[in-house]
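Please read it alongside the sequence and the coordinates shown here.

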Amino acid sequence: MIISSTSEESPEVTQSLVRFMETLSERNPPPIQNWGWSPGSDPCTWTGVFCHPETRSVTGIILNGYNFSGRFDPTSLCHLAPPPSLYVLDLRNNGIFGLLPPEIGECRSLTDLYLAGNRFTGRVPSSINMLGNLGRVDISGNSFAGRIPTELTWISGLVSFKAQNNRFTGEIPVFDVNKLLEFDVSNNDFVGRIPDAYGGFPESCFQGNAGLCGHPLPIACPPAPA
C-alpha cells in the first residue's frame, strides 16, 4: 500500500484514508476537515499522518490520545495496491471499541503496532502472524480475551510485546527471548508454569495472574505427578 501524496495521483487512496478516519470517529465525529483530512487535500499535510520525504508515501499514522470512540477498520488501510508502505500505526489512548479484525494481517509492512489504552474486545486474530516485519506490539489496557495466538511467536523480529491489563487466558506462549527487550503480560488470567525462557524478566511482568507459578514469581509450582 504505497499511499501517494496527492489526490490527483491516487484519489482512491485518499478516500480510503478519509473512510478510515470516519469509522474511527463514528461515535464522536471530530472536525477532521480542520485537520486537513479531506478528499481534496494532500494526505502528507494531515494531522497525524507522516510521509516519506522523497517518495511522499504515507509511512506512519499516529493518532495517540485524540479521544476517538469508533471502530478500527484496517481494510481502509491495508487492501490497497501497489504493495504497502505503512510502517507505524499508533492508536493508543483513545476509546476505540470492538474486535481487532483479521484483516489487520494485510498491513504486512507494519513494524510498530500500538493499540494500548482502548476498548478492544475478543481474541487477537491468528492472522497477525502475517505481519512478519513487526518489531513492537503494544495491546495493553484493553479487554482482549482468550489465548494469545501461538502464531504471534512466529514473528522472528519481535523486540517488544506488551499485553498487560487484559483478559488473556491459557498458558503464556514462548517468544524468542533472545531478541525480546520488553515483555509484559501482567494482570491477565494466565495459568500454569512460567516458561523458563522468561527467567530474565522481572516479577512485575507476570504479577496479577492468579493461576501462574514459578520463577520469577515467589509462587512455587506443584510438583509434577510421578
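A salt bridge is taken here as a side-chain nitrogen of Lys or Arg within 4 Å of a carboxyl oxygen of Asp or Glu. The model is a predicted one, in which local features need pLDDT of at least 70 and side-chain atom pairs count only at pLDDT 80 or more, whereas totals for chains, interfaces and linings use all residues. Residues are numbered from 1 along each chain as its sequence is written, and side-chain values use heavy atoms, with hydrogens and water left out.

**Salt bridges**

The structure contains 4 salt bridges. Three of them are set out below.

| Arg 108 | Glu 106 | 3.9 Å |

Secondary structure follows DSSP runs, with helices (H or I) of at least four residues and strands (E) of at least two, numbered from the N terminus.

Lys 162 is partly exposed at 25% relative accessible area, and Glu 182 is partly exposed at 36%.

Asp 112 is buried, with a relative accessible area of 10%, whereas Arg 136 is partly exposed at 38% relative accessibility.

In the remaining tabulated pair, Glu 106 counts as partly exposed at 31% relative accessibility, and Arg 108 counts as partly exposed at 40%.

**The sheet**

An open sheet is formed by 6 strands in the order β4-β6-β8-β10-β12-β13, with parallel pairing. Two strands are counted as paired if DSSP finds at least two bridges between them. The edges of the sheet are β4 (97-98) and β13 (211-213), each of which pairs on one side only. Within the sheet, strand β10 (residues 167-170) runs parallel to strand β12 (residues 189-193), and 2 bridges join them. Thr 169 has Asp 189 in β12 as its bridge partner.

**The nonpolar core**

A nonpolar core is a set of buried Ala, Val, Leu, Ile, Met, Phe, Trp, Tyr and Cys residues joined through side-chain atoms within 4.5 Å. The largest such core has 53 residues, and those with the most contacts inside it are Phe 72, Leu 77, Phe 161, Phe 183 and Phe 206. Two or more residues of this core come from each of α1 (11-24), β2 (58-62) and α2 (75-78). The greatest contribution is that of α1, which gives 5 residues. In soluble globular proteins, nonpolar side chains tend to be buried together.

Contact means heavy atoms within 4.5 Å. Apart from residues up to four places away in sequence, Phe 183 touches Phe 161, Ile 172, Phe 175, Tyr 198, Phe 201, Cys 205 and Phe 206.

Phe 175 is found in the loop between β10 and β11 (182-184). This residue is buried, with a relative accessible area of 6%. Leaving aside neighbours within four places in sequence, Phe 175 is in contact with Leu 152, Thr 153, Leu 158, Phe 161, Leu 180, Phe 183 and Tyr 198. The C-alpha atoms of Phe 175 and Pro 195 are 10.0 Å apart in space, while the two residues are 20 residues apart in sequence.

**Disulfides**

A disulfide is identified as a pair of cysteine sulfur atoms within 2.5 Å, and a search of the whole structure finds 2 of them. Cys 44 is buried, with a relative accessible area of 16%.

Cys 213 and Cys 221 form a disulfide with sulfur atoms 1.9 Å apart. This link is right-handed, with 105° about the S-S bond, and both Cys 213 and Cys 221 are buried.

Notes:
Buried < 20%, exposed > 50% of the residue type's maximum accessible area, 1.4 Å probe, protein only.
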